[in-house]
Amino acid sequence: MPDKKIVEARNVVKQFMGERVLDDVTISIDLGDKIAMMGPNGAGKTTFVRSMLGFYHIDSGKIQIEGLDPIKSRTKVLKEISFIPQLPPPVKLNVAELLEYVERSSDTPSSRIAEEAKAMDLDIDAQMQKPFFKLSGGMKQKLLIAIALARKSKLFVFDEPTANLDPKAREHFYKLLSGIDYPHSTIFITHRIEEVEGLANRKIYMDLGKVVEDERL
Amino acid sequence: MKNLGLVAYLDIKESLRAKWFYVYAFVFGGLMGLFFISGITDSVVMGFTGLSRLLLVFIQVTIIILPIFILTTTVKSIAGDRESNVLEYMLSFPISLKEYYWGKFIGRFVTVFFPVVIALFIGVAWGLYKGGNQMPWAMITLYSMLIFSICVVFLGIAFFISTLVKSHDVAIGLSFAVWIVLLAFIDVALIGLMMQNRISDDLIITIAMLNPIETFRIGAIALFDPELTVIGPVAYYLLDSLGHSLLIVYAVLYPVILGMLFAFFGYNAFKKRDLL
């Protein structure tokens, strides 16, 4: 596996209303790293990920994705990242429209998404005209996973990805992740290491906005 | 900019299914129906007099309803998307903020502008059916342009509020405040200021001129009543200072410029502040 840096975050500080939510965070992620990012609520995990995705302007420090600033080079950076939020958002577009949005914005064919969904036991052809928010919790999560995998990104960011999945669907998900056959990195935000056991090769533990533990598994 | 059209198109499709759109279209369509039933077109002299009266009443009602509808539904959907993390997900795809913001603006414009203009055309068709014998093109063109202007200005303000205020409740409250202040300054507050005699008349006129609801009202009535006798001293002063044609040009252009300025300020804030 080539030792290529995907994410380089140095001395990152982010404050909300005077409170340091990220306090001098330095994290470097290489291609091939599968990270279990852990920590209690309010530790700064989601803020770090959102800063990586260019949603937050950091107060000081530097974040680069493959050498690019996520704010200044937003579209180039986001081409390389697939993101699944903790809870499926109540998107009002129907499934066909959501797939069109993904297909045209990310050059990801809908047929590829359908294949990934099928591997998760989700037949999206039958759901095309349904608004996304009206799908069941499990279906929504499966579709988000299918979209993320179909994009064939270099970096996957999963925020509690299996929260809405039944045991069988979790198994499918893990199998699909293990089956990705090209170099990539993954960040799993999770509260339980058992959730991603066997998938992660590194653990980062955050608390009060700081990285308190960073070890290879 | 390949995604600009995509965002606009999907926003239109989403809006066409939304409850607010049905209420909005129903209100304007229903208003026209109400005017027909209540016999606004059935004046003593049928034809253009009745049609003009119908359009005038329509425009007057539009002044009150359109701004608040545009403000509340727009800030509700944008601030709501942010609060419910829809924005987070949709912006995790490689779409530039410029495409997303302006795509949403264009999409939302289409959904607020066309129902009102279609209701206007229905009114005209009804008026013609009831006895008019010629299409009043000048009036339709002017009214369509004025509706265009007022849609742009209130969309601009709504997008500005939505990007500045992150809480959905605060955004709705602020929209109401903007609407009430602008409505108050088309008449009640201006008269109060005049009666108190504390500030100069020029300042009062300037306040009136800066209020997009007032310019819309003046522009709308200017065609129907060229002397503007029905709306009091401010309009009369403006007519005297600018002349009829310039007044209409001002009434159409000023809200568009103001709305685009607010929209650009909103875009700037969208780009430079945290998105979530």
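**Chain contact and domain layout**

In this predicted model, the contact between the two chains draws on 19 residues of chain B and 23 residues of chain A. On the side of chain B that touches chain A, the elements giving two or more residues are α1 (2-17) and α4 (86-90) of chain B, and of the elements there α1(B) gives the most, with five residues. Sorted by class, the residues on this side of chain B comprise ten nonpolar, five polar and four charged.

Turning to chain A by itself, its secondary structure amounts to six helices and nine strands, and the chain is divided into domain 1, made of residues 1-80 together with 153-217, and domain 2, made of residues 89-152. The C-alpha centres of these two domains of chain A lie 23 Å apart, and the contact between them takes ten residues from domain 1 and twelve residues from domain 2. On the domain 1 side of that contact, helix α6 (residues 167-178) of chain A supplies the largest share, four residues, while the classes on this side of domain 1 are six nonpolar, three polar and one charged.

As for the overall form of chain A, its C-alpha trace spans about 50 × 35 × 35 Å along the principal axes. Because a compact globule of 217 residues would have a radius of gyration near 17 Å, the 17 Å of chain A agrees with that expectation. Buried residues make up 45% of the 217 residues in chain A, and, among its contacts with a separation of 6 or more, 68% join residues 24 or more positions apart.

Methods:
Residues are numbered from 1 along each chain as its sequence is written. Chains are lettered from A and ligands numbered from 1 in the order in which they are written. This is a predicted model: local features need pLDDT of at least 70, side-chain atom pairs count only at pLDDT 80 or more; totals for chains, interfaces and linings use all residues. Two residues are in contact if their C-beta atoms, placed from the backbone, lie within 7 Å. Ala, Val, Leu, Ile, Met, Phe, Trp, Tyr, Cys and Pro count as nonpolar, Asp, Glu, Lys and Arg as charged, and the others, Gly among them, as polar. Domain bounds come from an automatic or database domain assignment. The radius of gyration is taken over C-alpha atoms; the globule rule is 2.2 Å times the number of residues to the power 0.38. A residue is buried if 20 or more other C-beta atoms lie within 10 Å of its own, exposed if 12 or fewer, and partly exposed in between; C-beta atoms are placed from the backbone.
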